[in-house]
Amino acid sequence: MIAHRGCVALESDPADMSTQIDRDRCKGCGLCVVFCPRHILKLEDGLNRAGYHPAVNHDLDACTACGLCAEMCPETGIRVTRRKKKPRG
Ligand code: SF4
Ligand code: SF4
């Protein structure tokens, strides 16, 4: 288990990981966008309830679950968690 401030990475298999950003907690500072090594975060054009352009992950499959975005977020608004596996059929 990897634990960061504001982030919990439950497993290490990148294929199963997901970045979840609390849209309304985000203040649009852009730190996570700048520090994501995969460049998969961006600020939305729209505004959240607080009037900020929130960050969004536009390529979840490319996320390596490094947790850097969650570590950088001053609002502790990002969690990196394990995605539910789709049943094989
Ligand atoms: S966990 Fe790492 S790769 Fe995934 S969005 Fe955050 S900084 Fe980018
Ligand atoms: S670091 Fe946090 S507050 Fe700043 S843009 Fe990213 S999610 Fe929003």
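I began at Thr76, which I found in the loop between helix 2 and strand 6, where helices (H or I, at least four residues) and strands (E, at least two) are DSSP runs numbered from the N terminus. Thr76 is not a glycine, yet its phi is positive, at about 45 degrees. I noted beside it that most residues other than glycine have a negative phi. Thr76 is partly exposed because 14 other C-beta atoms lie within 10 Å; a residue is buried with 20 or more other C-beta atoms within 10 Å of its own, exposed with 12 or fewer, and partly exposed in between, the C-beta atoms being placed from the backbone.

Before going further I wrote down that this is a predicted model, in which local features need pLDDT of at least 70 and side-chain atom pairs count only at pLDDT 80 or more, while totals for chains, interfaces and linings use all residues. Residues are numbered from 1 along each chain as its sequence is written, and chains are lettered from A and ligands numbered from 1 in the order in which they are written.

I then checked the confidence, pLDDT being the predictor's confidence in each residue from 0 to 100. The chain has a mean pLDDT of 82, with 72% of its residues at 70 or more. Over residues 1–12 pLDDT stays under 50, and for this stretch the model has 31 contacts beyond four places in sequence; two residues are in contact if their C-beta atoms, placed from the backbone, lie within 7 Å.

For the overall layout I counted two helices and six strands, which follow the pattern β-β-β-α-β-β-α-β along the sequence. Of the 89 residues in the chain, 27% are buried.

Next I looked at the loop between strand 5 (55–57) and helix 2, where Ala65 lies. Ala65 has a positive phi near 60 degrees, although it is a residue other than glycine, and it counts as buried because it has 23 C-beta neighbours inside 10 Å. Asp61 lies in the loop between strand 5 and helix 2, but counts as exposed, with 10 C-beta neighbours inside 10 Å.

I looked up the surroundings of both ligands, taking a residue as near if its C-beta atom, placed from the backbone, lies within 6 Å. Around ligand 1 there are 15 residues, the closest being Cys36, Cys63, Cys66, Leu68 and Cys69. Around ligand 2 there are 15 residues, of which Cys26, Cys29, Cys32, Ala55 and Cys73 come nearest.

The largest nonpolar core has 15 residues, and Cys32, Leu41, Ala55, Cys69, Ala70, Cys73 and Ile78 have the most contacts inside it; such a core is a set of buried Ala, Val, Leu, Ile, Met, Phe, Trp, Tyr and Cys residues joined through C-beta atoms within 7 Å. Helix 2 (68–72) and strand 6 (78–82) are the elements that give two or more residues to this core, and helix 2 provides the largest share, three residues.

Arg79 and Ile21 are 58 residues apart in sequence, with 6.5 Å between their C-alpha atoms.
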